[in-house]
Amino acid sequence: MVETVISTRTKRTVRSAQGRKAELVQLTSIKKETHGQRTSTKITELDRVLGGGIVSGMVTLVAGEPGIGKSTLLLQLASNVEGNVVYVAGEESATQIANRAARLGIANPNIQILEETDVDQIIETVSSDVWRVMGALEKKNSHTSPITHHPSLLIIDSIQTLTTTDLTGIAGAVGQVRESAGRLTAWAKRNSVPMFIVGHVTKEGTIAGPRVLEHMVDTVIWFEGERREQLRIVRAMKNRFGPTDEVGIFSMEESGLKEVDNPSNLFLGPLSTQGSAGQSRPSGSVITAIMEGTRPMLVEIQALVAPTKLAFPRRTSSGIDQRRLELIIAVLGRRVGIPLWDYDIYVNVAGGLKIEEPGADLAVALAIASAFKDKPLRVGTFAVGEVGLLGEIREVAQTERRTKEAKRLGFSTPITAKDSSTLSQAVGKYLATG
Ligand code: TYD
Ligand code: MG
């Protein structure tokens, strides 16, 4: 239960809404949005997630844990957009943002920083005459571009720092977050100004977080990644203007977020790559190909199996669902005859990636079996397939594309459902001891 006290000042808006007749509009008479109005962000990976670029009046929520790179990405975006960009700094001081910009090599005079946390003040500022003057100047300089009365992009960093005096409650409280976002969204829609809102998510998934805003905005993009790793995946969770099955892949570097167009390279550890002939691979490492959006990506699954000293052996996974891991261990025990009950098992996806699809099952199972037998898989092999409770290997979607990507990177021996119909067969074929 969260209390939100509405101050008496808002009553006037309530009264004015009463008893007024609303207008009905015939569906067929509504002017349709013409296509091709998307503005590229000049960041290919971001365009991909947004469905091709920014649409006017599009409100995008950028969600993610603190420190993941939201402000960095938005500052990079701000420097790419033509026209004036207003960056509302609620979280950091203007100086801090200037420092970051310097680090990123951004020196765009069109970025305006607004240090303000009162949402009504912000709206007042971005609607003010200053913009009209700027628009008029623009018109004078160019006859082709329309007059813009408003900034061409508004960035809010972050929604958790904004408040309206019409509500009580501190910044970050559900009521404040919802009301601030609501007012800004209404303004952005009315004036066709695209807007990006930063929303922090904490590990516990705070109630005042992005979840309360999801229904309000057009697009929700989610930042994923381990802070200590370089990899960042930006996923569209909701998109009124495009598909949600695409992801943007970035790497966090010294000079900001770099686009990664060949993601497989990021995940293949030095020991996992093919190497010269005769060079052996460590046991417990298996390459798999997963799909991120519509792109196949090669990753290395690593497993470590060690005798336990505990009554309940450890099953630790990073990047793989714990229950999925336990299931695979049970299948290995019952269907393949690999006794693992007195062994601790650790499984890791190299590079900090989280795998949510079953296509990596087979690689996980083979990595554990390989670690248990201390026998490496042949160089050039990779595994793609789902493991069923009966120990059967099932083909997963897009196996062809995954195989093609693997071959491209020098992995020429696929271990799939086509190759072995059961896990037991695959283990026999690729991990036979002696
Ligand atoms: P930031 O964009 O401030 O995260 P958020 O806005 O999501 O809280 O990113 C902060 C982290 O990124 C910080 O730990 C430092 C790191 N970083 C880099 O590694 N390189 C860079 O160029 C920048 C600007 C930040
Ligand atoms: Mg930030």
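Visitor: Why is Arg-228 called exposed?
Guide: Arg-228 has 69% relative accessibility. Exposed means over 50% relative accessible area, buried under 20%, and partly exposed in between (1.4 Å probe, protein chains only). At 69%, Arg-228 therefore counts as exposed. Please keep in mind that this is a predicted model, where local features need pLDDT of at least 70 and side-chain atom pairs count only at pLDDT 80 or more, while totals for chains, interfaces and linings use all residues. Residues are numbered from 1 along each chain as its sequence is written, chains are lettered from A and ligands numbered from 1 in the order in which they are written, and side-chain values use heavy atoms, leaving out hydrogens and water.

Visitor: What makes the contact of Glu-229 with Arg-228 a salt bridge?
Guide: The term asks for a side-chain nitrogen of Lys or Arg within 4 Å of a carboxyl oxygen of Asp or Glu. The N to O distance for Glu-229 and Arg-228 is 3.8 Å, so the pair qualifies. Glu-229 counts as partly exposed, at 28% relative accessibility. Elsewhere, salt bridges with shared partners link Arg-324, Asp-361, Glu-386, Glu-392 and Arg-394 into one network.

Visitor: Which salt bridges does Arg-183 make, and why do they count?
Guide: One joins Arg-183 to Asp-120 at 2.9 Å, N to O. Asp-120 sits in helix H5 (residues 119-127) and Arg-183 in helix H7 (residues 174-191), so this pair ties together parts 63 residues apart in sequence. The other joins Arg-183 to Glu-179 at 2.8 Å. Arg-183 and Glu-179 are four residues apart in H7, so about one helical turn separates them. Both distances meet the cut-off, so both pairs count. Helices (H or I, at least four residues) and strands (E, at least two) are DSSP runs, numbered from the N terminus.

Visitor: Is Arg-183 buried or exposed?
Guide: Arg-183 is buried, because its relative accessibility is 18%.

Visitor: What makes S3 and S9 edge strands?
Guide: Nine strands form an open, mixed sheet in the order S3-S2-S4-S5-S1-S6-S7-S8-S9. Strand S3 (111-114) and strand S9 (256-259) each pair on one side only, which puts them at the edges.

Visitor: How do you know that S2 pairs with S3?
Guide: Two strands pair if DSSP finds at least two bridges between them. Four bridges join strand S2 (residues 85-89) to S3, so the two pair, and they run parallel. In one of these, the partner of Val-85 is Ile-111 in S3.
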